[in-house]
Amino acid sequence: MTDDVAHELAQVNIARLKAPLDSPQLKDFVDALDPVNASADTADGFVWRLKSEGGDATDIPVFGDSWLIVNLTVWRDANALTAFMYQGRHREMLARRREWFERLAEAVTTLWWVPAGHRPTVAEAESRLLHLRTHGPTPYAFTLRTSYPAGASAPVPGVVPEEGLGCSL
């Protein structure tokens with residue numbers, strides 16, 4: 001089995017809401033969630049996404065901050081992820097993200113390779129995101145701009161701060 005087949009690409013992105021999910025300001029975002037998720041579920045190269053019983057992940061806590069929402073998915077590879085990100089309804093949502101989400105100072109998105117069949121947890125995603133913030137892109141946690149091939153992904157030794165785990169504006 002080749003490395004490309006033995007690994008899949010996990011991605012997490014988080015966002016801090018500008019208003020409650022049930023507010024008029026976020027109505028278009030909330031209304032688009034189900035169609036965009038349905039589109040992702042059938043996209044070429046899509047493997048899995050985190051969701052609660054409600055069908056999305058908007059009620060799953062991340063970094064202990066009730067204003068943060070998380071999107072955690074697994075894809076065949078970066079090409080499949082980017083093909084989905086920049087087309088159709090997802091592209092429309094990306095174009096409007098500043099209407100719904102605060103602009104954050106820290107990195108809010110990271111990627112990493114997982115063994116095929118592995119489903120990452122929110123705690124794993126938080127750890128990878130904190131690693132990226134502390135060390136920049138490495139094989140353990142990277143970005144679409146600075147990516148690494150599947151394979152070894154040991155964390156870079158160092159101290160990850162205990163405080164400030166969430167996000168600042």
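Q: Which residues lie nearest the centre of the largest pocket, and how many residues line that pocket?
A: In this predicted model, the largest pocket is lined by 47 residues, and those nearest its centre are Asn 13, His 90, Leu 94, Arg 97 and Thr 109. Its volume is about 1,300 Å³. Two or more lining residues come from each of β1, α2, β3, α3 (78-85), α4 (88-95), α5 (97-100) and β4, and β3 gives the most, with six residues. By class, the lining has 28 nonpolar, ten polar and nine charged residues.

Q: What makes β1 and β3 paired strands?
A: Pairing requires at least two bridges between the strands, and eight bridges join β1 (residues 7-16) to β3 (residues 68-75), so the two count as paired; they run antiparallel. One example is Leu 9, whose bridge partner in β3 is Trp 75.

Q: Why are β2 and β4 said to stand at the edges of the sheet?
A: The four strands form an open sheet in the order β2-β3-β1-β4, with antiparallel pairing. Because β2 (46-49) and β4 (109-115) each have a single partner strand, one side of each is left without a neighbour in the sheet. Neighbouring strands of this sheet are turned by 25 degrees against each other on average, with direction ignored.

Q: Which helix lies across β2 and β3, and which one touches β1, β3 and β4?
A: Helix α2 (residues 27-41) lies across β2 and β3, and runs at about 140 degrees to β2. Helix α6 (residues 122-135) packs on the sheet with contacts to β1, β3 and β4, and its direction makes about 125 degrees with that of β4. The word "touching" is used for α6 because heavy atoms within 4.5 Å define a contact.

Q: What makes a space a cavity rather than a pocket, and how many cavities of 30 Å³ or more does the structure hold?
A: A cavity is a set of points where a 1.4 Å probe fits but cannot get out, whereas a pocket is an open set. The structure holds one cavity of 30 Å³ or more, and about 30 Å³ of space lies in the largest cavity. The residues that line the largest cavity are Val 12, Ile 14, Val 62, Phe 63, Val 70, Val 122, Ala 125, Glu 126 and Leu 129. Two or more of the lining residues come from each of β1 and α6, with α6 giving the most, four residues.

Q: How many residues of each class are in the lining of the largest cavity?
A: The lining has eight nonpolar, no polar and one charged residues. Glu 126 belongs to the lining, and Glu counts as charged, so Glu 126 is the charged residue in that tally.

Note on methods:
Residues are numbered from 1 along each chain as its sequence is written. This is a predicted model: local features need pLDDT of at least 70, side-chain atom pairs count only at pLDDT 80 or more; totals for chains, interfaces and linings use all residues. Side-chain values use heavy atoms; hydrogens and water are left out. Axes are lines fitted to C-alpha atoms, for helices over the stretch in contact, and angles run from 0 to 180 degrees between N-to-C directions. On a 1 Å grid over the protein atoms alone, a cavity is a set of points where a 1.4 Å probe fits but cannot get out, and a pocket is an open set with protein on both sides within 12 Å along at least five of seven lines; lining residues have an atom within 4 Å of a point. Grid points are joined across faces, edges and corners, and a volume is the space filled by probe spheres set on the points.
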